[in-house]
Amino acid sequence: MTRTPWWRNAVVYEVYVRSFADSDGNGEGDLQGIRSRLPYLRDLGVDALWLTPFYTSPLADGGYDVADYRDVDPRFGTLADFDALVADAHAHGLRLIVDIVPNHSSDRHRWFQEALASPPGSPERDRYIFRAGRPGENPGEVDPPNDWPSAFGGPAWTRVPDGEWYLHLYAAEQPDFNWRNPEVRAEFEDVLRFWLDRGVDGFRIDVAAGLVKDASLGDLNGRGRRVANGPIYSRPEVHEIYRRWRRILEGYGDDRMAIGEVWTDGPEDLALYLRPDELHQVFQFDLQLAPWSAPAFRDVVEAALKAVAPTGAAPTWVLSSHDSVRHLTRYERPGGVPGMEYARAKAALLMLLALPGSAYLYQGEELGLPEVRDLPDDARQDPIWKRSGGSQPGRDGCRVPIPWSGTAEPYGFSPDGVRPWLPMPAGWASLTAEAQAAEPSSMLAFYRQALAQRRELLEELPEELEWLESPETAVFFTRGPLTCAVNCGENPVRLPPGRTLLTTMPMYGDLLPGNAAAWLQSRPKGLA
């Protein structure tokens, strides 16, 4: 029999390193803090951790501006701490995925500093994308080389003193590499080997579709940044990079993997990244963007399954991440019943875990953490906030540190008396992991129960699902012996046949309440 790769059906827990657990009292999470919480993650029932960047960085964009790809930032620990974390994670039965940031570096990276100190046309500048400007509308004015926008606001170009401009698809502190340069490709292949040699189980690839830009750097002319066949994303040359990376991963055995952050305009483009000699997985973000709606959920699931079906890969599912508003808050309804968002979040989890493929959870969703919307302006650190002049709140609200225990800030995240890097709300005492561990009806208890039930069922679940007839406000589907029913409406709906395994709310006979979900055993275990 062919062994199923571990990642194909894994539940992966995203750790935003800076906000998970502070062991040394500097107000920021660190690797030793993660080590101290591994028993919690094991008991939660996840299969792997994904760590956001912990590399040397000035943190202009939360660590996604890397100054040294082969070292740990001192505020997060040391390489010895990382090695100990890998060993301890494996001892707890957990795999470890690390972020790799190949599209851009920090402007503090040695290569970029060398580029700034070198003349136009030099080999040092060729590692990045430097270009001359073009004439502006008025005499003597110089405009950027093209009309590309930064994802964080403003133009994607910054001018240096000698008159050239460098490209940064994100913050000005994040210059884009020139992936047409063989030296850049060789450098990242060596970086992959460096971390694989230290025992990591895989990589999450940031901006995976954006590495290679169109050689002409042509204008968008009003098109979106992610337009199909555009100049920025999913250029054909990017696929050869991942074919080379796949060969490196396979050289370390069958258990190493890579998952790409790929935004595309259609399933056909997405499937190209999942060819058997490229990436193992790509994120499918549409559930993260979908409203609380049965038709929307069904459309998202059908499209995602259709996208990966030709490749033989398994889909991935995600409701929240470090880049998006927490789904519990997205599920709020103005004027709705208080607590409705918690009921919806539990129901969404049952749907997520019942779908074929892997599920990626974001730290704190198991505690029912909401988006923190009232952060003081002077506390916000996201470059989106800064580059928009304060008109866009940015992503700090989903990155507030995790509350572990106690009744006031820092809630066990840091030692008592230490102020966390982002302020924590005064009303989070009931949301701490400690408080919820003692409460059978808590969100944490429900996550543990659902993850344990999924693990028990997993070997019997086929990789396909079958839709069942359902009311317009509901989604019903089966995977072998498991039936999942989600009621997005306000009124009860009648469940399909089956023995109830798990529900998010008390049942009324065979009626599923509004904003609730249930798992049913649709046939006895072991029977066809």
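Analyst: The expected span of a helix is 1.5 Å times one less than its number of residues. Helices (H or I, at least four residues) and strands (E, at least two) are DSSP runs, numbered from the N terminus. This is a predicted model, where local features need pLDDT of at least 70, side-chain atom pairs count only at pLDDT 80 or more, and totals for chains, interfaces and linings use all residues. Residues are numbered from 1 along each chain as its sequence is written, and side-chain values use heavy atoms, with hydrogens and water left out.

User: How do you know what span is expected of helix H6?

Analyst: H6 covers residues 182–197, which is 16 residues. At 1.5 Å a residue, 22 Å is expected. The distance from its first C-alpha to its last is 23 Å, close to that value.

User: What makes Asn181 a cap of H6?

Analyst: A side-chain oxygen of Asn181 lies 2.8 Å from the backbone nitrogen of Glu183. A polar contact is a pair of N or O atoms within 3.5 Å; within protein, one must be able to donate a hydrogen and the other to accept it, and residues adjacent in sequence count only if both atoms are side-chain atoms. The 2.8 Å distance falls within that limit, so Asn181 caps the N-terminal end of H6. Just after H6, Gly199 has a positive phi of about 100°.

User: Why is Arg18 counted as buried?

Analyst: Buried means under 20% relative accessible area, exposed over 50%, partly exposed in between (1.4 Å probe, protein chains only). Arg18 has 9% relative accessibility, so it counts as buried. Arg18 sits in the loop between strand E1 (11–15) and helix H1 (31–36).

User: What does Arg18 touch?

Analyst: Contact means heavy atoms within 4.5 Å. Leaving out residues up to four places away in sequence, Arg18 touches Glu28, Gly29, Leu59, Phe76, Gln381, Phe413 and Trp421. With Gln381, the side chain of Arg18 makes a polar contact of 3.2 Å.

User: Why does Asp88 count as partly exposed?

Analyst: Asp88 has 23% relative accessibility, so it is partly exposed. Asp88 lies in helix H3 (residues 79–91). The buried residues of H3 are Asp81, Phe82, Ala84, Leu85, Val86 and Ala89. Their cover includes H1, helix H2 (38–44), E2, strand E4 (68–72), strand E5 (95–100) and H6. Asp88 itself touches Arg35 and Leu38, not counting residues up to four places away in sequence.

User: What makes E1 mostly covered?

Analyst: In E1, 5 of its 5 residues are buried. Val11, Tyr13 and Val15 are on one side, with Val12 and Glu14 on the other.

User: How do you know which strand E1 pairs with over 4 bridges in the parallel sense?

Analyst: Two strands pair if DSSP finds at least two bridges between them. E1 has 4 bridges to strand E2 (residues 48–51), running parallel. Another 4 bridges join E1 to strand E15 (residues 358–362), also parallel. Each count meets the limit of two, so both pairings hold. Glu14 stands opposite Trp50 in E2 and opposite Tyr362 in E15.

User: What makes E13 and E14 edge strands?

Analyst: Their sheet is open, with 8 strands in the order E13-E12-E11-E5-E2-E1-E15-E14 and parallel pairing. Strand E13 (281–282) and strand E14 (316–318) each pair on one side only. Strand E12 (residues 257–260) pairs with E13 over 2 bridges. There, Ile259 has Gln281 as its bridge partner.

User: Which strands form the sheet with antiparallel pairing?

Analyst: That open sheet has 3 strands in the order E6-E10-E9. Strand E6 (130–131) and strand E9 (157–159) are its edges. E6 and strand E10 (residues 165–167) share 2 bridges, and Phe130 is partnered with Tyr166 in E10.

User: What is the largest nonpolar core, and which residues have the most contacts inside it?

Analyst: A nonpolar core is a set of buried Ala, Val, Leu, Ile, Met, Phe, Trp, Tyr and Cys residues joined through side-chain atoms within 4.5 Å. The largest has 161 residues, with the most contacts made by Leu51, Phe54, Phe82 and Tyr242. Helix H12 (residues 340–354) gives the largest share of this core, 9 residues. A second, separate core of 9 residues includes Ala474, Val493, Leu495 and Ala516.
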